[in-house]
Number of protein chains: 2
Amino acid sequence: MKCELISVGTELLVGDTLNTNVHYLSKELSLLGISVCYHTTVGDNPKRLEEVMKIALQRSDLIITTGGLGPTQDDLTKEVISKLFGKNLVQDDKVKEDLLQYFVNREFVMTDNNLKQTLVPENATVLTNPRGTAPGIMIQENGKTVILLPGPPREMIGMFEGSVLKLINKQQDQLVVSRYYNLSDIGESAAEDRLLDLIDVQDNPTIATYAKMGEVLVRITANGKDVKVVNALLDKYEAIMIERFGENIFAFSKDSLCEAVGKLLMEKNVTIATAESCTGGLIASELTKQPGISKVFGFGIVSYSNEAKKKILHVKEDTLDTFGAVSTETAREMCENLQKISDADLNVSVTGIAGPDGGSEEKPVGLVYIGLNYKGNTQVIQCHFKGDRKIIQQKTANKVFHLIRQSIVDKME
Amino acid sequence: MKCELISVGTELLVGDTLNTNVHYLSKELSLLGISVCYHTTVGDNPKRLEEVMKIALQRSDLIITTGGLGPTQDDLTKEVISKLFGKNLVQDDKVKEDLLQYFVNREFVMTDNNLKQTLVPENATVLTNPRGTAPGIMIQENGKTVILLPGPPREMIGMFEGSVLKLINKQQDQLVVSRYYNLSDIGESAAEDRLLDLIDVQDNPTIATYAKMGEVLVRITANGKDVKVVNALLDKYEAIMIERFGENIFAFSKDSLCEAVGKLLMEKNVTIATAESCTGGLIASELTKQPGISKVFGFGIVSYSNEAKKKILHVKEDTLDTFGAVSTETAREMCENLQKISDADLNVSVTGIAGPDGGSEEKPVGLVYIGLNYKGNTQVIQCHFKGDRKIIQQKTANKVFHLIRQSIVDKME
């Protein structure tokens, strides 16, 4: 079943409103196994809406519109579509009763233009609106289903969950299941390269990759009528994913690297502390976006200046003078001294040059030392990151999360 | 000139990605006086993309596509559109050189599939991509203009601002100039309300408001053929903005509140230190995203646990026992003790309940105390923020930046 979503509203075309309706509906319908093949947006313009509807009726089986059902002059979706199907608009007594009650309940005075909403196309199914005044409509003719939903997201979602889900489930018997694999330390094109043989012949399941900074999310989606068959297909591909990506898989879910690391720390009860120079608190900030992290995170220090490195972290003046703030030795003292203050299991330190200034030939912008003290052992890793200041900071944070995960996983094995 | 935006990408049709590109482009184009009449979204499916392009060429003069320009197998926009215009794809040496350099700069190994990006339709204009590898393309034939932009919003916006704006401006023979005013401590609808008389009759200049958390950006765009006339129009509206918003204007630019505060601190040479509990390093992290901030920022402490508040900030056990970690008294000790450690001019402390757990009837989720010690004076402000964990953290950070700015500006007057 091919589906098309038509959004009606000039506010979308002038960029006043972000179209979250198609995002919501696309996700919901995909999970029901319905292929959404097109989104179309058109303004409050009856001629263009009619043309767009005609095209949709040629290429799609299920058409869902949002918007243009309200009481005002420019709400024309119902009128245009009724005309297209050769249907008269007739008053629906139940809708009128609900509408009057709606205004009584809220002690609002009803203006006359509201009565427009009580007109529905003959022989259409009326969908009640639990969160507003405009009812929805479903028309089924010649193998095509057209569903008209209101534009305000709250009303649209209420009607979708309340009526449309049931109507669609009744009509189809397909199961669609997706599994997600999140990878680190590999680029999108390199990841795709390893899956190319499968992507080239993909049918069921389908494979999609999505790149974020330092992460690649792979989605594998299978469909079928039998849950066992669908799961067997997904299991087969899961084995391939593990074989081909192994340690690059940091989450069998959509979790970001930082979220996966946060969960791992909490699950294994590994306490952590941070001492950041060039990332300036980014690592602590990312970690503490996660609920419940206080169980394992208590201490974070942003020792941005040498003064702070000496005063709070007790890095020796001699170390800073001899090797400089950006050095293996400073990173090592930072995380080892942090351990003494925090008493945490895992102590991370970062010192580097995020730029744009402060670089030299010997120590260029992007040079970063990461110290990691875990259960008595300290390692310091030298990295060279490319990019602007924010990218260097973000890449450093991602590398730190990657190293934290590796340390914990290695210790477990 | 009728414009149509075509978004290419299965991730949009399955609801994995929210289509922010059409929102951005619709707003930008509308402000340039271009009527966007249709948005169409189609998957990574060459046959459907071709059909959709044919329809667009019939009904629109300017067609802008986003997505499908990358290195992977499912990136097909350029191929489909070149075929439709009967154009061969030929290698562009400059594009190839840029691409190779891109990988050299980042010390990445380039996989062969990337070379696909160096092919461009004959006689097309190449648009450089300042933020990625896939170049954009412009084709002009038979009175129709087709512009192909990459899908990742960062790259798309970079290319739109860097190349497309100029190309459109050239064609329009018009000068379009925008000025920005960034407001804090006022909501978007309240801001719009104060401008309603101007918005209602807007023609030239046009006024647009954009809401971000705790900030409202107002853009005033004037057009004309003469730079003097355009500037005079903008000056007139600038006077109105100052009259109506006064101290709410924190930047005469797109600068975020944090960026404006960072610049103010550096310009006035006011040193600052932070002690964060519920924001977990967010304030330090936002500040240190700015180049040169080390001039004024040296010390940040993320005292997430009570242990850290005692050990690093020397908050008295008695204070924590009697008043609790989330209290005026703790916030006060945090910032006053921080001053002794940092010796900074301005010392900020934050303690609160970001949730979702940890709230009580007496101290609900969203209760936050902000301490501000500036040149010997300490004030503590109690706030109640609504929203989820991340929103509470972000609103807290924004309030802190607002208070910092106010303190410095007040002292100056």
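# Reading a predicted two-chain model

Modeller: Let's begin with the interface of this predicted model: 60 residues of chain A are in contact with 62 residues of chain B.

Biologist: Which element gives the largest share of the side of chain A that touches chain B?

Modeller: That is strand β2 of chain A, residues 35-42, which supplies seven residues. By residue class, the side of chain A that touches chain B holds 26 nonpolar, 22 polar and 12 charged residues.

Biologist: How should I read strands that meet across the two chains?

Modeller: As a general idea, strands of a sheet pair through backbone hydrogen bonds, in either a parallel or an antiparallel way. Here β2(A) and strand β2 of chain B, residues 35-42, run antiparallel and are joined by five bridges. To find your place in the pairing, look at A:His39, whose bridge partner in β2(B) is B:Thr41.

Biologist: And what scores does the model have?

Modeller: Its ipTM is 0.74 and its pTM is 0.74. For chain A, the average pLDDT is 91, and 99% of the residues score at least 70.

Biologist: Let's turn to chain B. What is the strand order in its open sheet of four strands?

Modeller: The order is β10-β11-β9-β12, with antiparallel pairing. At the edges stand β10 (206-212) and β12 (249-251) of chain B; each has a single partner strand, so one side of each is left without a neighbour in the sheet. On average, neighbouring strands of this sheet are turned by 35 degrees against each other, direction ignored.

Biologist: How many bridges link β9 and β11 of chain B?

Modeller: There are 10 bridges between β9 (residues 175-184) and β11 (residues 215-224) of chain B, in the antiparallel sense. One pair to pick out is B:Val176, which stands opposite B:Asn223 in β11(B).

Biologist: Which strands of chain B does helix α8 lie across?

Modeller: Helix α8 of chain B, residues 227-245, lies across β9, β11 and β12 of that chain, and runs at about 155 degrees to β11(B).

Biologist: What describes two packed helices?

Modeller: The angle between their axes and the distance between the axes. Take α3 (residues 46-59) and α4 (residues 77-84) of chain B: they pack at about 50 degrees, with axes 10 Å apart. That angle makes α3(B) oblique to α4(B), and their crossing is right-handed.

Biologist: Which residues make that contact?

Modeller: From α3(B) come B:Pro46, B:Leu49, B:Glu50 and B:Met53, and from α4(B) come B:Thr77, B:Val80, B:Ile81 and B:Leu84. In this contact, six residues are nonpolar, one is polar and one is charged.

Conventions:
Residues numbered from 1 in each chain as written. Chains lettered and ligands numbered in written order. Predicted model: local features only at pLDDT ≥ 70, side-chain atom pairs only at ≥ 80, totals over all residues. Contact = placed C-beta atoms within 7 Å. Helix = DSSP H or I, 4+ residues; strand = E, 2+ residues; numbered from the N terminus. Nonpolar A, V, L, I, M, F, W, Y, C, P; charged D, E, K, R; others polar. Pairing = 2+ DSSP bridges. pLDDT = per-residue confidence, 0-100. Axes fitted to C-alpha atoms, helices over the stretch in contact; angles between N-to-C directions. Parallel < 35°, antiparallel > 145°, perpendicular 65-115°, else oblique. Left-handed = near helix turned anticlockwise from the far one by under 90°.
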